Amino acid sequence: MSRRRGYKERLEEILDELMASAPEIQGCILVRKDGLLLASSVRERIDKDIIAALSTALLNVANRASNELHSGKLSHIIVAGETGNVTLMDVGGIGVLATVTSKDANIGLLLLEMKRSAEKALKILTEIMTR
């Protein structure tokens, strides 16, 4: 008899697949809009709680700026540093997908893979909310 996987395991599987898609990804997390960490997959020493809190704060500020400037729905945010990037993507207004990458990451490919992962995660999160 196989055990039914819980939502956290299913979300972590999506993040593990995202991590496997590019060696430049050092970590990825999925966070609720209120900053609660839902799932993570990390290679490096990354403080998941700090990234969770900052991700939601940054996305909220960027969404507000996008609305105030009438620039349409926010697609993603990239915070570029000297040695790496943090890329944030909205997950259907329910959560935030964040990745930490090295500076040489292929951003176009990363955004494509993040979008696919966000769509898969949204299905699970929607399922949870409709229970």
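I started with size: with 131 residues, a compact globule would have a radius of gyration near 14 Å, and the chain has 14 Å, which agrees. I note that this is a predicted model. Along its principal axes, I read a C-alpha trace spanning about 50 × 35 × 25 Å.

Next I listed the elements. I found three helices and five strands. From the N terminus on, they run α-β-β-α-β-β-β-α.

Then I looked at contacts and surface. Of the contacts between residues at least 6 apart in sequence, 49% join residues at least 24 apart. The accessible surface comes to about 7900 Å², and carbon and sulfur atoms hold 54% of it. I also checked charges: the mean positions of the 18 positive and 17 negative ones lie 5 Å apart.

Buried residues make up 41% of the chain. How many residues of strand S5 (residues 95-102) are buried? I counted eight of eight. Gly95, Leu97, Thr99 and Thr101 point one way from S5. Val96, Ala98, Val100 and Ser102 point the other way.

Last, I traced the partners of S5. Strand S1 (residues 25-32) pairs with S5 in the antiparallel sense, over seven bridges. Strand S4 (residues 84-91) also runs antiparallel to S5, with eight bridges joining them. Which residue of S5 is the bridge partner of isoleucine 25? I found threonine 101. Asparagine 85 has threonine 101 as its bridge partner too.

S4 and S5 form a hairpin with three residues between them. Glycine 92, in that turn, has a positive phi of about 60°.

Conventions: Residues numbered from 1 in each chain as written. Predicted model: local features only at pLDDT ≥ 70, side-chain atom pairs only at ≥ 80, totals over all residues. Heavy atoms only, no water. Helix = DSSP H or I, 4+ residues; strand = E, 2+ residues; numbered from the N terminus. Rg over C-alpha atoms; globule rule 2.2 N^0.38 Å. Buried < 20%, exposed > 50% of the residue type's maximum accessible area, 1.4 Å probe, protein only. Contact = heavy atoms within 4.5 Å. Areas by Shrake-Rupley, 256 points an atom, 1.4 Å probe, with all protein chains shown as cover. Lys, Arg positive; Asp, Glu negative; His and termini not counted. Charge placed at Lys NZ, Arg CZ, Asp CG, Glu CD. Pairing = 2+ DSSP bridges.
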